[in-house]
Amino acid sequence: MTVSEPTRPASRNQLAERPLIWLGAITAGVVVTNLFAPQILLGLIGRSMSMPAWQAGLISTLTLLGYALGLLLLVPLVDLVENRLVILRTLGCAIVAALATALAPTPSLLLLATFILGACCAAIQMMVPLVASMVAPDRRGQAIGEVMGGLMIGILLSRPAASLIADLWSWRAYYVVSAALMALLAGALARYLPTLRPTARARYTDLLLSFPRLLREEPVLRVRAWTASLVMASFTAFWSAVALRLPEAPFDLDAKGVAAFALIGVAGAAATPMAGRWGDKGRARPMFFAAHLLIIGSLALCAWAGMLDSQITSLLVLSLGTILLDVGITTDQTLGRRAINLLRPEARGRMNGLFVALFFIGGGVGAAAASLAWSFGGWTMVCTVAASFGVLGLLTDLTTRTGTS
């Protein structure tokens, strides 16, 4: 369905394309750390607040559940309310929630604060449709790729950054630092973010009820969310298990070495603008093939690395495999984002929310699959299972051309 683009109103705070894209990337990278940092802080938080293991585990779970709820309930607001206002208010709530987490005196209040913080991290997905709306269609893929690059860097840096801050001060300091960074961002966004008034005139409840209809009517959304879910499953399967494998031979890394290894994946984020540019040139289909083949091949390298005898050689092979894996994953997700943001302008918020919610489900499946694979077959089985998601993506490429233009 072809719908005209929403009007881009003149505004005294209108920002040029390039600074807007960078502002979107920085926002995504800073805010997303709140979703993944808890995974490395669980032990510290649990001990300091005398929480049993099951209750401490809820910190990460509730943060991600809150995010999923925010995607479905908050992100659609950008299709109804002026975007700048919604983003600033959501980010303001995230700042308050981060401070509440840092100051929480009891486990119950801590869990509530982390849940709200996760929901307010949906501000990330509000930035994507705004940036997409402000960029010409022939440059939209590159713009989305650069914002996604910031997102991926934030995801990969979140655990080592949280670990470093907690080692220097405490786990509470991480949330204070996060709140301070988001406050700086809010100031920049308030000053420079352009306004975008949506064209939708529906009620909020109608927007929420439209999710099933969008999935039914938009095959591009269905297919691209499916492959994004598959590659996210590969991503979480790999990163859930690699921290268990690295302390063992032949890698033999200590805790600091494992944290440093996580930084290697940041190199894969460099692929996102390139993938977006190729998509803008009409070459999305071969790029999808290349991305899924890269995922399969990279995981074969990672499995092989665990079989080598030399520590240096094994680490080099694993590092190469990790970089290629992240390149494949970010390529698929960038091109998928581009495809859905070329669809209905009046429904971009809902479609971005649905897209991310669905690929986070894939991430949950990948984490569960990695846990089972590690228990039954160790590292090689984990890599095999993670690669199987790439195989499913490749089969999708062979059977459909949806969302490849």
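**View 1. Burial across the predicted protein.** Of the 405 residues in the protein, 58% are buried, where buried means under 20% relative accessible area, exposed over 50% and partly exposed in between, with a 1.4 Å probe and protein chains only. This is a predicted model, in which local features need pLDDT of at least 70 and side-chain atom pairs count only at pLDDT 80 or more, while totals for chains, interfaces and linings use all residues. Residues are numbered from 1 along each chain as its sequence is written, and side-chain values use heavy atoms, with hydrogens and water left out.

**View 2. The salt bridge between E217 and R213.** The side chains of E217 and R213 form a salt bridge at 3.7 Å, N to O, the term standing for a side-chain nitrogen of Lys or Arg within 4 Å of a carboxyl oxygen of Asp or Glu. The two residues are four apart in helix α10 (residues 211–217), and about one helical turn separates them; helices are DSSP runs of H or I with at least four residues, numbered from the N terminus. E217 is partly exposed at 36% relative accessibility, and R213 is partly exposed at 32%.

**View 3. The salt bridge between E217 and R344.** E217 also meets R344 in a salt bridge, at 2.5 Å, N to O. Because E217 lies in helix α10 and R344 in the loop between α15 (311–340) and α16 (348–399), the pair ties together parts that are 127 residues apart in sequence. R344 is buried, at 5% relative accessibility.

**View 4. The salt bridge between R245 and E248.** Here the side chains of R245 and E248 meet at 3.7 Å, N to O. R245 is buried at 8% relative accessibility, whereas E248 is partly exposed at 37%.
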